[in-house]
Amino acid sequence: MAKVTPIHPIASISGAIVKEDGSCFRTRNGKTHVYKVVHPFKGEPTENQNSMRKNFGDCVRQASVILHSPELRAEWQTRYDEYLKDVTRHPQSYPKPSSTLRGFIISQLHKK
């Protein structure tokens with residue numbers, strides 16, 4: 001017999017639905033939140049912002065490569081498992097721990 005799991009209509013929404021409206025959906029730790037952008041920044045990004053955006057994009061691309069390679073994924077999964085053990089042992093040391101393997105990989109690559 002088939003198992004049916006209904007999905008909440010806004011569970012997988014992210015980003016702006018209507019750009020002029022200023023509301024934005026975002027999912028963090030499995031919960032979807034709606035934010036209202038009141039005063040969006042309209043200026044040109046600084047050199048530092050461009051550098052950080054490029055670095056983040058590079059980390060995301062590298063994380064995708066890692067997640068698609070079985071050998072690299074297994075290596076990073078063992079690192080993530082050790083990280084989770086350490087987080088459960090010392091929760092005060094990790095105020096915002098990574099909740100997914102992908103987030104863990106990106107954060108570790110960004111620190112390098």
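**View 1. Burial and overall pattern of the chain.** Buried residues account for 17% of the 112 residues in the chain; buried means under 20% relative accessible area, exposed over 50% and partly exposed in between, with a 1.4 Å probe and protein chains only. The model is predicted, and local features need pLDDT of at least 70, side-chain atom pairs count only at pLDDT 80 or more, and totals for chains, interfaces and linings use all residues. Residues are numbered from 1 along each chain as its sequence is written, and side-chain values use heavy atoms, with hydrogens and water left out. The chain has three helices and three strands, in the sequence pattern β-β-β-α-α-α. Helices (H or I, at least four residues) and strands (E, at least two) are DSSP runs, numbered from the N terminus. Of the contacts in the chain between residues at least 6 apart in sequence, 36% join residues at least 24 apart; a contact means heavy atoms within 4.5 Å.

**View 2. The open sheet of E1, E2 and E3.** Three strands in the order E1-E2-E3 make up an open sheet with antiparallel pairing. Strand E1 (15–16) and strand E3 (31–36) are at the edges with a single partner strand each, so one side of each has no neighbour in the sheet. Two strands pair if DSSP finds at least two bridges between them. Strand E2 (residues 23–28) pairs with E1 over two bridges, in the antiparallel sense. Gly15 has Phe25 of E2 as its bridge partner. Strands of a sheet pair through backbone hydrogen bonds, either parallel or antiparallel.

**View 3. The hairpin of E2 and E3.** Six bridges join E2 and E3 in the antiparallel sense. Arg26 has its bridge partner in E3, namely His33. Two residues lie between the strands of this hairpin, and Asn29 takes a positive phi near 55° there.

**View 4. Helix H1 and its buried residues.** Helix H1 (residues 47–68) has 22 residues, which should span 32 Å at 1.5 Å a residue, and its end C-alpha atoms are 32 Å apart, in agreement. The expected span is 1.5 Å times one less than the number of residues in the helix. Gly57, Cys59, Ala63, Ile66 and Leu67 are the buried residues of H1. Their cover includes helix H2 (70–89) and helix H3 (101–111).

**View 5. The packing of H1 against H2.** The axes of H1 and H2 are 5 Å apart, at an angle of about 100°. Axes are lines fitted to C-alpha atoms, for helices over the stretch in contact, and angles run from 0 to 180 degrees between N-to-C directions. H1 and H2 are therefore roughly perpendicular to each other; angles under 35 degrees count as roughly parallel, over 145 as roughly antiparallel, 65 to 115 as roughly perpendicular and the rest as oblique. Ile66, Leu67 and His68 of H1 make the contact with Pro70, Leu72, Arg73 and Trp76 of H2.

View 6. H2 and H3 pack at about 90°, their axes 10 Å apart. That places H2 roughly perpendicular to H3. The contact is made by Arg73, Trp76, Gln77, Arg79, Tyr80 and Tyr83 of H2 and by Leu101, Phe104, Ile105, Gln108 and Leu109 of H3. Asp81 lies in helix H2 and is partly exposed, with a relative accessible area of 35%. Asp81 and Leu101 are 20 residues apart in sequence and 9.1 Å apart in space, C-alpha to C-alpha.
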